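Please look over the sequence and the model below before reading on. The briefing that follows begins with overall figures and then turns to selected residues and helices.

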Amino acid sequence: EVGTVMAATAIDWLSKPLWTLWSFDNDIPRILADNKLCFAVSLVAGVGSVYATFYVWRVSRIPELFAGNGKVKEVFAKECETLRSIYWPPFWCWGSHMQSLFSELKNTAPDIEYDRELFTFSDDGQCALDWKKPSVEPNNGPKSIVVILPGLTSHSKASYIRSTVAKLTQEGYTVVVFNFRGYGGVKLKTKKQFGAGDTSDLREVLNHLKTQYPASILTGVAFSYGSLILLNYVGECGRDAVLKSAMCVSPIWNGYRSVKRMQTFLNHILYERNIAKLLKKAYFRNEDVMKHYYDSEKVGKVKTIFDFDVACTMPMNGFSSESVMEFYKWSTPNKFGNIAIPTLILSAANDSYSPLTDIPLADILKLTENPVCVAVTQTGGHLGFSEGPLTFKDRNVMVKLIREFCSATFDNLSPFNQLRQSTFQ
């Protein structure tokens, strides 16, 4: 209603110059009608009023929440102000591609100095755990740890990771970024790198953290490809999950559809071509190990994400080239019915990689006994979610929501705790 009044007022006010301009009741408007500048200003004002109406009515919306349990939706909305507030994207940058690309290109996130821990897996492989602690930390170790999983080909130095880490440490939380094998400057020591359906690396890292800090509360925050691993983990573990809660941003809801969507002309030019180059770069950076298990010549000819999956990721995880559909089914999260911890998933309806049509909303709405909530914004793109009229500053709905989610998780009096207990006991 407020938007309707604002739009009507804008149209009434901005249309007055046009009405006056073409009124022939006196000589002055007739003289002004011959002035091209006046006509241009009036035209711009008219177009601007139409655009403002469209922006208020169609672009700026409160996120829509989907959950099978009404109490789940109520608790998430109560604890996270962002979920009950209108999301105002930049008036000039709300489209899918603009949001997805601009958030990364503006690079306004602060630099972060991490403390690195090299973690060795049970198969002698290694990864980098990059720690950032708040300025003041309890003497007996961190009480609240946020474990971050980056997107595909990403790492702790990515802009959206740095923005998140900076905000969370300001709130007093300890953050550790789990860089996948072969990324973050750590070379591969085994043939294994990653696989969305393989949660074994995440399990080892979380068990290590819990052993190292038994008194700490752990929550997981994942982005894009990392969301697949985190959702698969909480779905597999159920009540045995080490994490107290989990939040995923811009997950790939359907792996096969996404890789095929990336092959369309515009998506390939804007996203896939660069991602394929980064995947190949990571492979050949570790070719001394990889060449003994995979066809380097075939990998060198890769042009798409799908090609790389067939040449490397599928055989890495035990799938033949004839098992394409089985591989993507294995990669895509599908165990929502076993999730036993509060789990929030943020997606944009216009996500270039995985839009609204890919979200299994029918399945989500059936989860009457699981604390899972999906928040869908009208705009935001893939890992975009910039906000504000100009957004040249580091303002982001995604980061705000992550902060609110973590605050609710680590608050012992938060309804999040009652949510878990009332849902399963």
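A residue is called buried when its relative accessible area is under 20%, exposed when it is over 50%, and partly exposed in between, with a 1.4 Å probe and protein chains only. This is a predicted model, in which local features need pLDDT of at least 70 and side-chain atom pairs count only at pLDDT 80 or more, while totals for chains, interfaces and linings use all residues. Residues are numbered from 1 along each chain as its sequence is written, and side-chain values use heavy atoms, with hydrogens and water left out.

**The chain as a whole**

- The protein chain holds 17 helices and nine strands, where helices (H or I, at least four residues) and strands (E, at least two) are DSSP runs numbered from the N terminus.
- Of the 425 residues in the protein chain, 55% count as buried.
- The protein chain exposes about 19600 Å², of which carbon and sulfur atoms supply 56%; accessible areas come from the Shrake-Rupley method with a 1.4 Å probe, and for residues only the protein chains shown count as cover.
- When contacts (heavy atoms within 4.5 Å) are taken between residues at least 6 apart in sequence, 76% of them join residues at least 24 apart.

**Cysteines**

- The count of disulfides, meaning pairs of cysteine sulfur atoms within 2.5 Å, comes to zero.
- Cys-373 is buried at 0% relative accessibility, and its sulfur is 8.7 Å from the closest cysteine sulfur, in Cys-80, which is too far for a bond.
- Cys-248 is also buried, with a relative accessible area of 0%.

- Ser-245 lies in strand β7, which covers residues 245–249, and is buried with a relative accessible area of 0%.
- The side chain of Ser-245 makes a polar contact of 2.5 Å with that of Thr-219 and a polar contact of 2.8 Å with that of Thr-409; a polar contact is a pair of N or O atoms within 3.5 Å, and within protein one must be able to donate a hydrogen and the other to accept it, while residues adjacent in sequence count only if both atoms are side-chain atoms.
- Not counting residues up to four places away in sequence, Ser-245 touches Leu-218, Thr-219, Gly-220, Ile-341, Pro-342, Phe-405 and Thr-409.
- Thr-409 belongs to helix α16 (residues 397–410) and is buried, with a relative accessible area of 1%.
- With neighbours within four places in sequence left aside, Thr-409 is in contact with Thr-219, Lys-244, Ser-245 and Phe-416.

**Leu-129**

- Leu-129 sits in strand β3 (residues 126–132), where Leu-129 is buried with a relative accessible area of 0%.
- Although Leu-129 and Asn-179 are 50 residues apart in sequence, they are 6.2 Å apart in space, C-alpha to C-alpha.
- Beyond its neighbours within four places in sequence, Leu-129 has contacts that include Asp-115, Phe-119, Val-177, Val-205 and His-208.

**Helix pairs**

- The axes of helix α7 (residues 200–212) and helix α8 (residues 225–237) come within 10 Å and cross at roughly 75 degrees; axes are lines fitted to C-alpha atoms, for helices over the stretch in contact, and angles run from 0 to 180 degrees between N-to-C directions.
- Helices α7 and α8 are therefore roughly perpendicular to each other, since angles of 65 to 115 degrees count that way, those under 35 as roughly parallel, those over 145 as roughly antiparallel and the rest as oblique.
- In this pair, Leu-202, Arg-203 and Leu-206 of α7 meet Ile-229, Leu-230, Tyr-233, Glu-236 and Cys-237 of α8.
- The axes of helix α10 (residues 265–285) and helix α13 (residues 305–316) come within 9 Å and cross at roughly 25 degrees, which makes α10 roughly parallel to α13.
- The residues in contact there are Glu-272, Ile-275, Leu-279, Lys-280 and Tyr-283 of α10 together with Ile-305, Phe-306, Phe-308 and Cys-312 of α13.

- Helix α13 is mostly covered, as ten of its twelve residues are buried, among them Asp-309, Val-310, Ala-311 and Met-314.
- The cover over the buried residues of α13 includes α9 (255–261), α10, α11 (287–290), α12 (296–300) and α14 (324–331).
- After α13 comes Gly-318, whose phi is positive, near 85 degrees.
- In helix α4 (residues 70–79), the buried residues are Val-72, Val-75, Phe-76 and Ala-77.
- At the start of α4, a side-chain oxygen of Asn-69 reaches to within 2.8 Å of the backbone nitrogen of Lys-71.
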